[in-house]
Amino acid sequence: MNILDVENLWVKFPTRSGMFDAVRGISFSLGKERLGIVGESGSGKSMTGRAILRLIRKPGIVTADHIRLEGNDIMAMSERQMRDVRGQRISMVMQDPKFSLNPVMTVGDQIMEAYALHANASKAETKRKAMEMLEAVSIRDPERVFRAYPHEMSGGMGQRIMIAMMLIPGPEILIADEPTSALDVSVQTQVLGIIDRLVQERGMGLIFISHDLSLVTSFCDRVLIMYAGRIVEICQADKLHEAQHPYTRGLLNSLPRLDEPSKRLEVLKRDPAWREADSVSGSVSARA
Amino acid sequence: MTAVGIPEPDKQGWREWLLTEAPTSRRHARAASLYQGWLTLKSNKLTMIGVGILVFLFLVALFAPFLAPHDPFAQELGYRLQPLWTDGHLLGTDSLGRDILSRLIYGSRITLYIVLMVALIAPIAGLFVGTVAGYVGGWADTILMRITDIFLAFPRLVLALAFVAALGAGIENAVLAIALTAWPPYARIARAETLSIRKSDYISAVKLQGAGPLRIITKHIWPLCISSLIVRVTLDMAGIILAAAGLGFLGLGAQPPSPEWGAMISEGRKFLLDYWWIATVPGLAIFTVSLAFNLLGDGLRDVLDPKDGGEL
Amino acid sequence: MSGIAIDNLNVWFSEGRDRVDAVKNAALTVRQGSSFGLVGESGSGKSTILRALTGLVPTWDGHMEAVGETLGKKRSARFYKKVQMVFQDPYASLHPRHSVDQVLGETLGLHGYRDIETRISELLDNVGLGPSFRFRYPHQLSGGQRQRVAIARALAPEPEILLLDEPTSALDVSVQAEILNLLTDLRTERNLTYLMVSHNLAVVGHMCERIAVMQNGEIVEVMTVQDMRAMKPKHTYTRHLLESSLGYKRAVSV
Ligand SMILES: Nc1ncnc2c1ncn2[C@@H]1O[C@H](COP(=O)(O)OP(=O)(O)OP(=O)(O)O)[C@@H](O)[C@H]1O
Ligand SMILES: Nc1ncnc2c1ncn2[C@@H]1O[C@H](COP(=O)(O)OP(=O)(O)OP(=O)(O)O)[C@@H](O)[C@H]1O
Ligand SMILES: [Mg+2]
Ligand SMILES: [Mg+2]
């Protein structure tokens with residue numbers, strides 16, 4: 001059963017030199033699985049995630065044949081209904097944690113606010129829950145972090161705080177935009193473990209946006225590879241290294257490798273034909 | 001890099017030159033960003049109404065001697081309290097037979113004078129106090145912010161009244177009094193902005209080039225605070241005009257023969273029941289100009305708000 | 001000795017119950033012309049070591065030495081010229097209202113250069129940005145382009161030491177490859193010394209000869225890149241880190 005069905009999604013920005021298409025007619029579905037989206041910077045990964053929550057900023061325009069969340073079309077919902085969807089049913093960890101946290105409010109207050117918006121709990125209960133989440137994302141010394149301001153956090157701590165905030169309401173779908181790019185590999189493994197458990201145990205759907213190809217290979221089930229607003233290839237994650245598309249190959253080859261040292265890294269050479277090729281559909285027909 | 005591509009003379013060429021993503025010189029870059037801000041501003045209809053009114057006010061003030069049909073101070077006691085649309089006195093005359101339209105036109109100069117003076121003094125003082133307090137921190141912050149709090153604790157007009165009472169009535173003192181009461185909110189805003197800016201990586205980066213606090217405050221922090229201050233000042237203009245009018249009304253601002261709008265209302269008040277227009281016309285003028293500044297402020301916020309400008 | 005030498009370094013923040021001992025008793029040396037990696041747990045004090053070195057954190061004690069100077073509370077003008085830093089987040093390290101030209105121009109001006117015009121073009125050339133980028137503002141640049149500007153700014157005073165705080169973690173792999181190649185070239189051309197923080201072991205392995213592993217404010221192990229590639233850790237945390245770097249599933253099943 002698919003939780004989310006996206007059909008022919010476009011994100012456009014009117015610019016002064018004409019219309020800029022950030023996402024150009026992509027289709028995919030999400031089941032109770034870990035779906036990775038990879039692609040170079042500017043390929044439209046974040047815009048895809050934001051479009052699903054209808055969070056594209058003002059001049060931007062989102063069109064789609066439908067974005068179905070368990071049968072209900074998100075495109076047809078009112079702004080009021082959207083507010084119940086956001087956070088409650090679909091959460092998103094934004095790409096830039098420092099930008100998304102309020103610089104003049106303590107970390108604890110922000111997490112408590114996120115929880116209070118979705119649950120009617122007493123202050124003590126909220127605080128307990130917030131501390132629990134901080135511990136869950138393996139933050140040492142959560143007591144101190146609770147009272148601290150965002151600028152006192154290291155890069156990776158900010159990222160984990162965002163994840164904690166987004167997981168508190170227990171969403172059906174989590175869209176994670178580069179959630180672990182500032183984490184060391186071992187904390188990353190722990191944080192992914194929490195997300196993974198939610199997918200396995202609660203049947204949460206995960207859209208995992210990342211540029212870390214080796215991580216996506218080992219963590220996700222399926223991967224969409226995006227280029228210039230389109231999906232150029234879809235792979236089973238563990239078969240990513242067998243990918244055919246020259247773009248995917250180029251990305252894979254530009255990775256430095258611990259086991260095979262080289263003097264210089266390969267740099268991707270782009271082919272204008274990639275841009276024009278049709279988008280591959282990432283939908284899996286509902287296996288009811 | 002000095003060869004600026006000479007733009008084609010036709011209109012389309014200029015437009016493209018201004019809209020480029022890849023400017024070719026410092027001047028070009030500045031012109032392009034100004035033009036794009038202007039385009040954003042222009043796309044907001046209400047803002048353009050505000051701009052229109054203010055441009056009109058400006059022109060009126062500038063050409064007052066040519067526009068005014070009469071001398072604003074000339075008294076014609078035989079023509080006292082004429083109603084609207086009287087021949088030769090479009091908006092009627094006041095209790096001393098002076099032409100209201102002419103007084104209104106000359107009064108726009110005083111209004112603009114007050115507004116510009118306050119808009120220059122208060123935000124700059126606030127910016128100074130706020131950024132220094134926010135950047136230096138410690139005891140400097142504590143002292144400066146306590147002073148700010150003391151000023152904020154009094155209602156603005158009451159404080160302005162106290163200052164005018166101490167300094168003596170008159171237009172310069174009214175400006176000074178209003179400016180003295182208007183700076184604390186700006187200091188607050190500037191300090192808050194500074195606090196969130198000073199820890200950022202780009203400030204650390206200039207520190208690593210050996211830049212001192214003076215340079216960081218003036219070159220790196222001010223440009224970021226100024227936009228939110230400009231928005232705030234335009235939105236506050238209405239309040240400033242009203243405060244000036246209020247002082248005029250209470251007889252503590254501009255002094256009698258002067259055609260200051262608040263003072264005009266004050267004079268008209270005695271005749272309000274029988275000759276309502278004498279107080280209403282300047283009242284409407286104050287209202288219109290305040291509204292215009294508010295509309296402009298709303299539009300400027302869309303253009304200048306750094307939160308939307310920086311990203312993507 | 002003109003590389004970096006750190007001994008007995010402690011760095012802390014705040015006092016009282018919120019005191020954090022971000023770095024405890026750290027020691028490391030980086031020879032001139034070599035490249036040294038710092039890896040470890042998130043929040044373990046990697047960035048803090050770099051910031052303490054540059055004087056951005058005043059609360060430290062111990063011994064620090066760089067470019068032949070013993071560092072005290074204040075840094076000399078010479079230090080600022082010889083030691084430069086590239087920050088983790090290219091979105092946060094450029095002033096949003098300053099064009100590339102202003103950023104580089106100001107830096108050159110602060111270091112007392114006169115021929116600013118020609119130097120700016122040269123710098124942009126060095127980091128592979130064309131002259132068309134010169135008058136752009138940060139919001140007109142992609143993440144990779146911003147990071148190049150940040151590197152150009154760091155190169156402006158012709159430094160000997162570059163401190164790199166996760167220079168590619170916010171960038172996608174194709175841009176990462178470009179930036180890493182650029183850094184490799186610059187180092188051979190100018191005999192630079194790198195102290196590089198990263199959580200990507202493959203990146204550190206590609207760039208550095210020696211690597212220090214940090215956990216909870218302490219340096220638990222200093223190893224050579226050969227040992228790292230051969231997966232020969234001495235400390236249990238290092239082993240844990242190396243195993244995690246193999247990927248998610250494998251790390252979980254270990
Ligand atoms: N307000 C806007 N106006 C015009 N173009 C925009 C706007 N916002 C985003 N874009 C463009 O949309 C495209 C897709 O951006 P998006 O943020 O989705 O990239 P991404 O794949 O997430 O890249 P990254 O890995 O760098 O985060 C980019 O080319 C970007 O320049
Ligand atoms: N300005 C500050 N005030 C208080 N505590 C701080 C401050 N800056 C950093 N810290 C604390 O110091 C510790 C080390 O932070 P640091 O930024 O050095 O970590 P890091 O190793 O760079 O981690 P990451 O890989 O996540 O960036 C953290 O616990 C952090 O909360
Ligand atoms: Mg993105
Ligand atoms: Mg760090």
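Predicted model: local features only at pLDDT ≥ 70, side-chain atom pairs only at ≥ 80, totals over all residues.
Q: How do I read two packed helices, say helix 5 and helix 6 of chain B?

A: Two packed helices are described by the angle between their axes and the distance between the axes. Helices here are DSSP runs of H or I with at least four residues, strands are E runs of at least two, and both are numbered from the N terminus. Axes are lines fitted to C-alpha atoms, for helices over the stretch in contact, with angles from 0 to 180 degrees between N-to-C directions. In chain B, helix 5 (residues 100–136) and helix 6 (residues 138–152) have axes that come within 7 Å and cross at roughly 145°.

Q: Which residues of those two helices meet?

A: Contact means heavy atoms within 4.5 Å. From helix 5 of chain B come B:V129, B:G130, B:V132, B:A133, B:G134 and B:V136, and they meet B:G138, B:A140, B:D141, B:L144, B:M145 and B:T148 of helix 6 of chain B. The residues of this contact divide into seven nonpolar, four polar and one charged (Ala, Val, Leu, Ile, Met, Phe, Trp, Tyr, Cys and Pro are nonpolar; Asp, Glu, Lys and Arg are charged; the others, Gly among them, are polar).

Q: How much of helix 3 of chain C is buried?

A: Buried means under 20% relative accessible area, exposed means over 50%, and partly exposed is in between (1.4 Å probe, protein chains only). Helix 3 of chain C (residues 100–110) is mostly covered, with eight of its eleven residues buried. Among them are C:V103, C:L104 and C:L108. The cover includes helix 2 (26–42), helix 9 (201–207) and helix 10 (213–249) of chain B, along with helix 4 (116–126) and helix 5 (143–155) of chain C. After helix 3 of chain C comes C:G112, with a positive phi near 80°.

Q: Is A:S186 buried or exposed, and what does A:S186 touch?

A: A:S186, in helix 8 (residues 185–202) of chain A, counts as buried because its relative accessible area is 3%. Setting aside neighbours within four places in sequence, A:S186 is in contact with C:Y237, C:H240, C:L241 and C:S244.

Q: And where is A:A148?

A: A:A148 is in the loop between helix 6 (142–147) and helix 7 (155–167) of chain A. A:A148 counts as buried because its relative accessibility is 3%. Not counting residues up to four places away in sequence, A:A148 touches A:T106, A:V107 and A:M153.

Q: How many aromatic pairs are there?

A: Rings of Phe, Tyr and Trp (its six-membered ring) pair if their centres lie within 6.5 Å; planes under 30 degrees apart are stacked, over 60 edge-to-face, and the rest tilted. Over all chains, the structure holds eleven aromatic pairs. One of them joins B:F271 and B:Y275 edge-to-face, at 6.4 Å centre to centre and 65° between the planes. Ring pairs link B:F271, B:Y275, B:W276 and B:W277 into a cluster. B:Y275 counts as partly exposed because its relative accessibility is 28%.

Key:
Residues numbered from 1 in each chain as written. Chains lettered and ligands numbered in written order. Heavy atoms only, no water.
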